[in-house]
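Please look over the sequence and the model shown here before reading on. The report is meant for a reader who is new to this structure.

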Amino acid sequence: MNYIWVAAGAVVGAPLRYFVGTHFPGGTSTWGSLPIGTYFVNITGCLLIGLVLGYAEARDSLPRETRLLLVTGFLGSYTTFSAFGYETYDLARTNDVAWAIVYVVASVVAGILAAWAGASIARAVF
């Protein structure tokens, strides 16, 4: 049953991510060479996950189904950057600042290297 909640959120989040990423307000998805649509999706996803999980913490309640629908399903398909942002924030607020820094640096460096490796493998194989 949990998968249904995740899928229901993803059905909305993924198309919205595509739409916002390609039709950023102002009529363009880039600003110069920067992918501003993706940037906007990432930042709004971080704002939304902060609102949802902040509400859950403040009220000490958020039904599991609601969390699966909104956080895992909707935001997970809208942008995984929101989870990265919130997890980093959570590490920092619980006084694990050093681990937060390590997490950010390791994630960014490893992500860039993985993207480079994948592109290199694809060029070599295909």
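## Overall fold

This is a predicted model, and its secondary structure comes to five helices and zero strands. Read from the N terminus, the elements follow the order α-α-α-α-α. Taken along the principal axes, the box filled by the C-alpha atoms is roughly 50 × 35 × 35 Å.

The protein has 126 residues, of which 22% count as buried.

## Helices α2 and α3

Helix α2 covers residues 36-59, and helix α3 covers residues 64-78. The two pack at an angle of about 170 degrees, and their axes are 10 Å apart. Because angles over 145 degrees count as roughly antiparallel, α2 is described as roughly antiparallel to α3. On the α2 side the contact is made by V41, T44, G45, L48, I49, V52, L53 and A56, while α3 brings R67, L70, V71, F74, L75 and Y78. By type, the residues of this contact divide into eleven nonpolar, two polar and one charged.

The buried residues of α3 are L68, V71, G73, F74, L75 and Y78, and what covers them includes α1 (2-22), α2 and α4. L75, one of these buried residues, is in contact with G45, L48, I49, L70, T80 and S82 when its neighbours within four places in sequence are left aside.

## The largest nonpolar core

In soluble globular proteins, nonpolar side chains tend to be buried together. In this model, the largest nonpolar core has twelve residues, namely V20, V41, I49, V52, L53, A56, L62, V71, F74, L75, Y78 and Y86. Both α2 and α3 supply at least two residues each to this core, and α2 gives the most, with five residues.

## Helices α4 and α5

Helix α4 spans residues 81-93 and helix α5 spans residues 97-125; they pack at an angle of about 155 degrees, with axes 7 Å apart. That angle makes α4 roughly antiparallel to α5, and the crossing in which α4 passes α5 is left-handed. The residues that meet are F84, E87, T88, L91 and A92 from α4, and V97, W99, A100, Y103, V104 and S107 from α5. This contact is made up of eight nonpolar residues, two polar ones and one charged.

## Two threonines

Which residues does T88 touch, not counting residues up to four places away in sequence? T88, which is found in helix α4, touches A100, Y103 and V104 under that condition. With a relative accessibility of 15%, T88 counts as buried, because the cut-off for buried is under 20% relative accessible area.

T79 is found in the loop between α3 and α4. Is T79 buried or exposed, given its relative accessible area? T79 is buried, with a relative accessible area of 6%. Leaving aside neighbours within four places in sequence, T79 is in contact with V41, N42 and G45. Of these partners, V41 and G45 also take part in the contact of α2 with α3, and V41 is one of the residues of the largest nonpolar core.

Conventions: Residues are numbered from 1 along each chain as its sequence is written. This is a predicted model: local features need pLDDT of at least 70, side-chain atom pairs count only at pLDDT 80 or more; totals for chains, interfaces and linings use all residues. Side-chain values use heavy atoms; hydrogens and water are left out. Axes are lines fitted to C-alpha atoms, for helices over the stretch in contact, and angles run from 0 to 180 degrees between N-to-C directions. Helices (H or I, at least four residues) and strands (E, at least two) are DSSP runs, numbered from the N terminus. Angles under 35 degrees count as roughly parallel, over 145 as roughly antiparallel, 65 to 115 as roughly perpendicular and the rest as oblique. A crossing is left-handed if the near helix is turned anticlockwise from the far one by less than a right angle, and right-handed if clockwise. Contact means heavy atoms within 4.5 Å. Ala, Val, Leu, Ile, Met, Phe, Trp, Tyr, Cys and Pro count as nonpolar, Asp, Glu, Lys and Arg as charged, and the others, Gly among them, as polar. Buried means under 20% relative accessible area, exposed over 50%, partly exposed in between (1.4 Å probe, protein chains only). A nonpolar core is a set of buried Ala, Val, Leu, Ile, Met, Phe, Trp, Tyr and Cys residues joined through side-chain atoms within 4.5 Å.
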